[in-house]
Amino acid sequence: QLLNSAGIVDTGTTLILLATDVYNAYTSATGATLDNSVGLLRISSSQFSNLQDLTFNVGGTNFVLTPNGQIWPRSLNTAIGGSSDDIYLVVADVS
């Protein structure tokens, strides 16, 4: 849990951009690895089974992303050059 940090959640993008320190903590907590071919973090199905809710507090209001809310729609994997069998996360580094 990181109490004070910054990030970007924008309805004009499909990604959630986190400050580098938060992104690194998220990557470590999820065990995700960067798939350079698509530019997104990738996790295994067992890592997905262990994925926890991601909660943002903005102005005193909590916003929760369930595990399904943190992944790229699997039906669109090949549209971004990924494998249809992989699980990609929509959380990325702001830098």
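1. R42 is partly exposed, with a relative accessible area of 28%, where partly exposed covers the range between buried, under 20% relative accessible area, and exposed, over 50%, with a 1.4 Å probe and protein chains only. The side chain of R42 meets that of D35 in a salt bridge, at 2.7 Å from N to O, the term standing for a side-chain nitrogen of Lys or Arg within 4 Å of a carboxyl oxygen of Asp or Glu. A search of the whole structure finds one salt bridge.

2. The model is a predicted one, in which local features need pLDDT of at least 70 and side-chain atom pairs count only at pLDDT 80 or more, while totals for chains, interfaces and linings use all residues. Residues are numbered from 1 along each chain as its sequence is written, and side-chain values use heavy atoms, with hydrogens and water left out.

3. On confidence, the mean pLDDT of the chain is 88, and 86% of its residues reach 70 or more, pLDDT being the predictor's confidence in each residue, from 0 to 100. Among the elements of the chain, β7 has the highest mean pLDDT, 98, whereas strand β1, residues 7–9, has the lowest, 59.

4. The chain holds two helices and eight strands, and from the N terminus on its elements run β-β-α-β-β-α-β-β-β-β. Helices (H or I, at least four residues) and strands (E, at least two) are DSSP runs, numbered from the N terminus.

5. D35, the acidic partner of R42 in the salt bridge, lies in strand β3 and, at 8% relative accessibility, counts as buried. Leaving aside its neighbours within four places in sequence, D35 is in contact (heavy atoms within 4.5 Å) with L40, R42, D86 and Y88.

6. Strand β3 belongs to an open sheet of three strands, in the order β3-β4-β7 and with antiparallel pairing. Both β3 (33–35) and β7 stand at the edges with a single partner strand each, so one side of each is left without a neighbour in the sheet. Two strands are taken to pair if DSSP finds at least two bridges between them, and β4 and β7 pair in the antiparallel sense over two bridges. Here I43 stands opposite I87 in β7.

7. Which residues have the most contacts inside the largest nonpolar core? They are L18, Y26, I43 and L89, in a core of 22 residues. A nonpolar core is a set of buried Ala, Val, Leu, Ile, Met, Phe, Trp, Tyr and Cys residues joined through side-chain atoms within 4.5 Å. The elements that give two or more residues to this core are β2 (16–18), α1 (20–30), β4 (40–43), β5 (54–58) and β7 (87–88).

8. The loop between β6 and β7 deserves attention for two residues. Q70 lies in this loop and is buried, with a relative accessible area of 0%; leaving aside its neighbours within four places in sequence, its contacts include Y26, L54, L65 and L89. W72 has its place in the loop between β6 and β7 as well, and at 13% relative accessibility W72 counts as buried. Beyond its neighbours within four places in sequence, W72 is in contact with T14, N77, I80, Y88 and V90. The C-alpha atoms of W72 and Y88 are 5.4 Å apart in space, although the two residues are 16 apart in sequence.

9. For the chain as a whole, buried residues make up 32% of the 95 residues. Among contacts between residues at least 6 apart in sequence, 43% join residues at least 24 apart. The chain exposes about 5900 Å², of which carbon and sulfur atoms supply 51%; accessible areas come from the Shrake-Rupley method with a 1.4 Å probe, and for residues only the protein chains shown count as cover.
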